[in-house]
Amino acid sequence: MSKQTILNKELPKGVGPNVSPEAFTNDKRKVFLFGSPSYTNIGDQAIAYAEEKFIRNHYPYYEYIEIMDYATDEGIQIVKEIISEDDIVCFTGGGNLGNLYLDIEEDRRKVISTFKDYKTLSFAQSVYFEETEEGDKEKKKTKDAYHQNRHLTIGTREQQTLEYVKDTFDSEVMYTPDMVLSLDIEPQELEREGVLFILREDKEKVTEEKFISELREWIEQEKGKRTGRTDTVLHDIDVIDYKDREDQFMKMLNRIGSSELIVTDRLHAMIFSIITKTPCVVFGNSYGKAKHSYRDWLEALNFIEYTDQKDINKLEEMIDRLLQAEPNDIDLKEDFRPLRAYFKK
């Protein structure tokens, strides 16, 4: 598909939903973001939102073009026709580099190996390959694909992932916090009521339902607070396309920001709590991404606390302390310096 054909023909759905067709053919340098999520995980939606804000706010001289996850093959074909040597190919960040979410990893392999002659970035990830025969097989496929691209930089967002990537891949490595922590959002002043449990229902879940029920009952009876439960993965809709991303993200922030306390095992529920200045107790997932993000970047916050404690009596002091905290701030701007340097002309 030539540049003129792109101008004269409607682009496939999901290819460049954030731009006009002219963006593909103008003289600006381009950043192509593949893997932009259409699934209903608000954490991953927030990452894509933050990636766009980061590029547009810091580097307006780039044309930033997203390719939705369901349009990967169509996007690859179009980008192959128009890409220039100074353009950058990216794949969205998150916690899906590995064999737990193979559909996403297979798309990432395809993009990275296809654009092997161009500057390529996988935005900050958590990496996890299971220590099984299947995990080893998929890790080899990933290594084979990534190592075709001598221009690849792999972003990592926790120390454990940084060390794993260094030991596993022959690629450049970047270390920054999760992209959502780069956002500068002023929290709304909302009336707060109750304790909101935001908990996994997926293959990464390790917090037992019995403990959750006991903790909710204790909070209701001993603390006299209403409790509710949700997840950062929405189940009442099937798709979040680009046009709906910001609205769904802001709805989640407002729900968290109208709570007195968040109890979660979700990394991004913790991060959304930080954005909204909402006290938060954080438990772990199967491979520690919330735990390590907290310990690597966020321990100085006085209203967020990670714990492996499951004795409710011992949790009482922590919960009381968090509820009484005057939320403080931390400045992570300098920790994104490697990413800012990457995109500079």
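A salt bridge is defined here as a side-chain nitrogen of Lys or Arg within 4 Å of a carboxyl oxygen of Asp or Glu. The structure is a predicted model, in which local features need pLDDT of at least 70 and side-chain atom pairs count only at pLDDT 80 or more, whereas totals for chains, interfaces and linings use all residues. Residues are numbered from 1 along each chain as its sequence is written, and side-chain values use heavy atoms, with hydrogens and water left out.

Under this criterion the model contains 26 salt bridges. Several of the charged residues are joined in a network of salt bridges that links E105, R108, R109, E138 and K141.

Accessibility was classed as buried (under 20% relative accessible area), exposed (over 50%) or partly exposed (in between), using a 1.4 Å probe and protein chains only. E105 is buried, at a relative accessible area of 0%, and R109 is likewise buried, at 8%. Buried positions in α4 also include I104, D107, R108, V111, I112 and S113. The helix has 13 residues and reaches 18 Å from its first C-alpha to its last, close to the expected 18 Å, where the expected span is 1.5 Å times one less than the number of residues.

Two further salt bridges involve a strand and a helix. R229 pairs with E209, with the closest N and O atoms 2.8 Å apart. This pair links distant parts of the chain, as R229 is in strand β9 (residues 227-230) and E209 is in helix α7 (residues 209-222), 20 residues apart. R229 is partly exposed, with a relative accessible area of 27%, and E209 is also partly exposed, at 37%.

The side chains of E305 and R321 form a salt bridge with an N to O distance of 2.7 Å. Because E305 lies in strand β12 (residues 304-306) and R321 in helix α11 (residues 312-324), the pair ties together parts that are 16 residues apart in sequence. R321 is partly exposed, at 38% relative accessible area.

Helix α8 (residues 242-257) contains Q248, which is buried at a relative accessible area of 17%. With neighbours within four places in sequence set aside, Q248 is in contact with I42, L234, I237 and I240, contact being heavy atoms within 4.5 Å.

Technical notes:
Helices (H or I, at least four residues) and strands (E, at least two) are DSSP runs, numbered from the N terminus.
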